[in-house]
Amino acid sequence: MAFNENTRVKIPALIHLTRLGYIYFSLKDKQYILDSATNIITNIFIQQIRALNPGSTEDSINQELQNIQEELNYDDLGRAFYNRLLGKGEGNLRLINWDNFTNNSFYVTTELTNKNGEDEFRPDLTIFINGLPLAFIEVKKPNNQEGIKAERDRIHTRFKNDKFRKFINVTQLIVFSNNMEYDDTDKHKLIGAFYATTAKNTNTTFNNFREKKKSEYIDDIKDIDENTEDFILADNNCRVIKHSPEFISNKDIDTPTNRILSSLFSKNRLRDLLKYGLCYVNEIDENSGKVTVQKHIMRYPQFFATKAIKAKLEDGIKRGVIWHTQGSGKTALSFYNVYSLRDYFGKKGIMPKFYFIADRLDLATQAKEEFSKRGLVVHSIDSKEALIADFGYNTTSEGITVVNIHKFREDTYTLRDSGYNINVQKVFFIDEAHRSYDPRGSFLANLYNSDKDSIKIALTGTPLIIYKDHDEYGDIKDSSQKEDSKTTRNIFGDYIHKYYYNDSIRDGYTLRLLREEIETSYKEKVRGVINDIKVQNGNISKKDLYAHPKFVSPMLQYITNDFINSRIRFGDRSIGGMVVCDSSEQAREMFHLFNETVETHKLTGALILHDEDDKETRRTKVKDFKDGKIDFLFVYSMLLTGFDAPRLKKLYLGRKIRAHNLLQTLTRVNRPYKNFKLGYVVDFADISEEFEVTNQAYFHELNEEYSENLDDEDPNNIFGSLFMSKTEIDQKIAEVQNAIADFTTENLETFSRQISAINDRHQIQKLKNALESARDIYNIVRLLGYTEILEKLDFKLLAKLLAMVSDRLKLLNLKDAMNDVNPQELLNTAIEDVVFTFTKTGEEELKLLSEDLHSFASKVRSELDKNINKKDREWILLYEEFVNLLHKHNIDPNSESIDTMKFESEQLLRIFDQIRELNRKNTMLMAKFGGDRKLAVIYKNIQSSGKVSDNMPLYNLLNDAKMRIDSRLGQNQHLLANSGYFRQATGEDILESFQTGKYEVDAGIIKSLIALTADEYLNEYQGE
């Protein structure tokens, strides 16, 4: 009997597609008329187009077919045809019924030849919608030589062959599978089931698909139709395999191939993917400068996030957070959702207007470029007045408007209800929501007030969560310090969808990091020097030390030597490096020395500081780095977030960075590039403690997702527990009134003279703090609508007072500085004889421990769910251990140390290994009983080892009894409706088997065996 790719994967996949509603047709059947140039089933196409377009003539349909045939020959990767498919291109006839997608025709066949002259290829399966061959599937048997690589190499070659242009242009979706589970350590995607779309100028990108919502399509999977199965087997000369155990196993809906087919080709899923999940991107070739067309397909986290957004809207929720790791394509997600949400609101008679909010000009520019090259019309808002005008013109517009958050001034909301009487829904995508959207600042308040009915979707890879306070040097203060409550979740709402680092890394969208630890051999001596300076000067900033040439020179030498050696070690001269300096002063000094020593290292570099060069010059330098024309970037605070350059593979970290900013910085080197498996972080700053604190914080944030309603937030308060109550605000206002009570505020000139007479910096600082507090309160009360509080203070007057007090404080600081001994001179003297050297002390993989724990917990939970018997004592013990481990975090999350978390990670892994082994043994036991779960459970209840070899008589007795019981039920299925009678009949069958078979089974267990067997049959009948 055949046991090959066809019988193990292809035929089961064909049958599975028929369960999803696809009609199998044989190429031998002459009633299906195929156009050899495009493989369109012309008679099905004509029939469906006529039904979709009442009143269409035979000539118009034939003309449409001819236009499609011509269009498919364009050298555009199928863009013109895809637009026609969506109803946006040439032609007046509908090709697809998008509104009632299941009313289209769905066909599948096998081994259909794509042929042009002497060149041809034959996909294993081809899928047609209304006669159009829109998808194909290539399968291999498990553990085939080279895995998927050989198929991927072949498809790359085919896609570059112009003779296959028409077949490439008509194809929208491709699946490749060797029917194996993903190997998460496999970065080359050799094993598993992958999906892609077509490509020409670049290689095809294979994507994992990890199903999250099986419930969405499970009801679409129908029972196998016996006649259809027989026809497929006969047509493929495989009748002999029908009853083989291998074929029965491979028809299971949960094989890797069948699983991805369900995920992508169940009809509602396929509709969304075809209509909203594809886009064409105009990319500029780095070498030739020519524009090339790429075709992208939604990644699965983008797909599920898009569905989650609509689900939230259906529930009446208008704000929330998309937490997707850096590099997961959040701008692309916004692009896809412009089209998805436009249709969603269109069906409700609402016209959406889309905005993409950035908080930096360079990111706004980057977003414009990303949207534009995807073909989306992009509108720019260059001024506050332009924004007011845009809001005043209260109607929808095509595309998306990109605007900087700082354009939202206090008066931008004044026209929110003006304009035409049109039902318009504003949708804000708020980028980098972990950064400077400070709720105490006015811009966020103005954004919310600009349209309180708007939808606000916040995008972030590192949401702001709870962290301990840090001192002025970035070091962690005592754990008793007050925690920061400005969290992304409190500001923007609950998570709509989450996609973590562990998933992103195993899917190949981002890389793991390797930390190279560096320390100075004269650390103690430097500390002594600093102490000497403090004695003479009172205090001195560390940044002066780290910017001194004596310190910078050996550090730079280490960096350039390491970078040159890394290029040699990796065998790749195209990689780039970035130095994150301790201060802008250090960056300038390092860049200066870099240029002075260029003859030694022969590298090129650029200095990127906010006050260095103009914006256009900086933009050019950054582009040159991305294009490989510059080797090094020297930065302080710029380019640490939102900067995407895949060739950046060495990050030299010269300063401590805290919390989410640390993750943002580290992940500048985590983008996939060529064959790199890691990004490299050279750590001069010793980030280990901060990294562990960040891990711990994110672990608790993720751990919270295992529980429901932990925080008891009031859904009517859109800012949760973030802001102060009215009572607290009143108290703060009283403090402000008390602080200014002694001053004359009715006359600003008098006030100016009064503060000018004060030389005590601390007194002026106290007044400044009070006035700043008033400013914060002003924005908060506007957000929360406490309008009566606004009458208690003249906040505009307070803003003027604050400006005057700030100026006074600056002058006092300057006076003090002028009277002090020059600290730089002291530093120069004290440091003269100090020599710094740097040595590498070790390497460690940077793992986001929170992600690992979350991943293990998810795996454990999944394995526990798979178990066939939730009453099994072995299962119960493992389940209780798992629950207790999670429950402990919820009771006292602050008690966790990093060592404890590491220990518990090991515990989770141990539980996972044990439950997986238990499931493996149970699966083997079920297989011995022909897949019958009931018999496996009964056997193990009596024979706890679960091994058939340990009790063959019991195994044989159960099989004998099963035949008798099933035979009785086959004659009268209603027996199970009468439990008492069924129990009696079961007892008779088991006793008869025991007596006639003479099985060497302890007679004492027969009574319990009868009860167990009856229970399992009745439970199955009752759906328990």
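User: Which residue lies over the face of Tyr82?

Analyst: Lys295 does, at 5.8 Å from the ring centre. A charge sits over a ring if NZ of Lys or CZ of Arg is within 6 Å of the ring centre and within 35 degrees of the ring normal. This is a predicted model, where local features need pLDDT of at least 70, side-chain atom pairs count only at pLDDT 80 or more, and totals for chains, interfaces and linings use all residues. Residues are numbered from 1 along each chain as its sequence is written, and side-chain values use heavy atoms, without hydrogens and water.

User: How many aromatic pairs does the structure hold?

Analyst: The structure holds 46. Rings of Phe, Tyr and Trp (its six-membered ring) pair if their centres lie within 6.5 Å; planes under 30 degrees apart count as stacked, over 60 as edge-to-face and the rest as tilted.

User: Why is the pair of Tyr82 and Tyr280 tilted?

Analyst: Their planes are at 50 degrees, so the pair is tilted, and the ring centres are 6.1 Å apart. Tyr82 lies in helix 4 (residues 79-86) and Tyr280 in strand 10 (residues 278-284), so the pair ties together parts 198 residues apart in sequence. Helices (H or I, at least four residues) and strands (E, at least two) are DSSP runs, numbered from the N terminus.

User: Are Tyr82 and Tyr280 buried or exposed?

Analyst: Both are buried. Buried means under 20% relative accessible area, exposed over 50%, partly exposed in between (1.4 Å probe, protein chains only).

User: What about Phe591 and Phe594?

Analyst: They form a stacked pair, 6.5 Å centre to centre, with 10 degrees between the planes. Both lie in helix 21 (residues 584-596), three residues apart.
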